[in-house]
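Good morning, and thank you for coming. Please have the sequence and the model in view.

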Amino acid sequence: MKSAEMDQFRQRVAGLTYHRLDPYVASVAGSVAGDDTVLPPGEKEVSVSLPDYYAEDVELMMGTQNGPGAPMLVLLQGIYGEGDGGHNQRLKEMALRKGMNYLVLPNSSAKTMLEDKPYFHPGNPRLDALWSRQAIQKLSQSMPEYFGKVSLAGYSYGALQAVNMARLDEESPDRVIQGGVVAVCPPEDLSHSMDQFDDLRNHYQTGIFDISASMVRYKHDTKKYGYADFMKSDLAARGEGTNQAEMEMADEYGSRSGLRESIERVDVQLGHNRLPMNTPEYKEANLWNKAKMRQEHKRIVENLTYKEMMAGWVSKDRWLIQQGLTPAQMTAKYSFSQAIQALEKTPVLALTARDDYILAPQDAKTWQETERQAGPLEIVRIFETGGHVGLAWNPEIAETMVDFAKSA
């Protein structure tokens, strides 16, 4: 991208605004706002063999409605994301409308990816960069007419994966990412953000809120008012003391439900067998003890924290052991700031919100420093509000994201 184009985008990004919503309200509203997005027909499934990382072929969704030669936007998901959420659907629709094709890479912790039998624990930004870059490389070899210009757009963990993929790509002799990277609300240090997710459960009492009714209300009001008029909704007035349902939704749908499913699969697939029902002792136990072990199994899974998963399961990952890294060392080495500092040739647009609940206080300071030290090919902006999901709900922000990816 030419310097004049970067300057134009800097001015454009500097002029973007966001509603002053509570971070949990912003996140819930943003996550459901795209549910009614209608895509033109033509999305198809493509399978890629990645034998170094997965025992079975990985299935990816691809939209090529704009035909050969159109720029390709690779969409990378937040934790547990399959690629069919409202936020992702809006980016698909916008990419197609602006003349781009798209490829969806599910998150490595998503159910579909775990079903493909990974050889390593999900949630490692470097490993996820390795397999995802290899997937794009293989597709570009088999379908070169669709991968002449590839840009990346990631949200949350997908944004962290995107900058690490660009970092890996710059280290490689044969580039596959010819465009740029859009990173929205990435974790700075993944371990710190997992601690923030763990802490959410300390701020509400489980089960006292009707989150189903709240979700119906959000779907109704985001559709009725849209982004421009959402402040007219009573939901926009919710904040500290009245946002308990939103906090519980952020915890349950943003992390807890996926963590339960992930640990059940990882414990068996990667040979840990630590959960009570997966142990040799369970097979030998009598009916009374099996019943007690089932109860204990359920209790552990329901109350598991990311910190416990990192210590008890991820720390045993053979790639980490080969590299001589602990989980904390791994997340520090492949943090967002480390990745973006390593980039020299790839245009990057990085957006986050100061009130994003996955940003630990020390990480917010790191983001400020990253914003201050942004290089000539980097645009970094910290909004005061937006929560963890809300930014891309603003149509102007979403348009800017896709325009940057296309121009880069």
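This is a predicted model: local features need pLDDT of at least 70, side-chain atom pairs count only at pLDDT 80 or more; totals for chains, interfaces and linings use all residues.

Let us begin with a crossing: helix α2 passes helix α8 in a right-handed crossing. A crossing is right-handed if the near helix is turned clockwise from the far one by less than a right angle, and left-handed if anticlockwise. Helices here are DSSP runs of H or I with at least four residues, strands are runs of E with at least two, and both are numbered from the N terminus.

Residues are numbered from 1 along each chain as its sequence is written, and side-chain values use heavy atoms, with hydrogens and water left out.

Two packed helices are described by the angle between their axes and the distance between the axes. The axes are lines fitted to C-alpha atoms, for helices over the stretch in contact, and the angles run from 0 to 180 degrees between N-to-C directions. For α2, residues 23-32, and α8, residues 211-229, the axes come within 9 Å and cross at roughly 70 degrees. The two helices are therefore roughly perpendicular.

Which residues of α2 and α8 meet? From α2 come V25, V28, A29 and V32, and from α8 come M215, Y218, K219 and T222; contact means heavy atoms within 4.5 Å. Six of the residues in this contact are nonpolar, one is polar and one is charged. Ala, Val, Leu, Ile, Met, Phe, Trp, Tyr, Cys and Pro count as nonpolar, Asp, Glu, Lys and Arg as charged, and the others, Gly among them, as polar.

How many of the 10 residues of α2 are buried? Nine are, and the helix is mostly covered. Buried means under 20% relative accessible area, exposed means over 50%, and partly exposed lies in between, with a 1.4 Å probe and protein chains only. P23, Y24 and G30 are among the buried residues of α2. Their cover includes α7 (190-200), α8 and α9.

Helix α9, residues 244-269, brings us to a second pair. Its axis and that of α11 come within 8 Å and cross at roughly 130 degrees, so α9 and α11 are oblique to each other. R256, R260, I263 and E264 of α9 make this contact with H297, V301 and E302 of α11. By class, the contact has two nonpolar, one polar and four charged residues.

Also in α11, which spans residues 287-303, is K290. K290 counts as partly exposed because its relative accessibility is 21%. Beyond its neighbours within four places in sequence, K290 touches Y282, K283 and A285.

E5, M6, F9, R12 and V13 in α1 meet E399, T400, D403, F404 and S407 in α17. This contact divides into four nonpolar, two polar and four charged residues.

I turn now to the interior. A nonpolar core is a set of buried Ala, Val, Leu, Ile, Met, Phe, Trp, Tyr and Cys residues joined through side-chain atoms within 4.5 Å. The largest such core has 77 residues, and those with the most contacts inside it include L60, L103 and F147. Helix α6, residues 157-171, gives the most to this core, with eight residues. Apart from it lies another core, of 49 residues, among them L91, M94, V184 and Y227.

Finally, two loop residues deserve attention. Y80, in the loop between β3 (72-76) and α3 (86-97), has a positive phi near 70 degrees, in a residue other than glycine. Y80 counts as buried because its relative accessibility is 15%. S156, in the loop between β5 (150-155) and α6, is not a glycine either, and has a positive phi of about 55 degrees. At 5% relative accessibility, S156 counts as buried.

Thank you for your attention.

Definitions and conventions
Angles under 35 degrees count as roughly parallel, over 145 as roughly antiparallel, 65 to 115 as roughly perpendicular and the rest as oblique.
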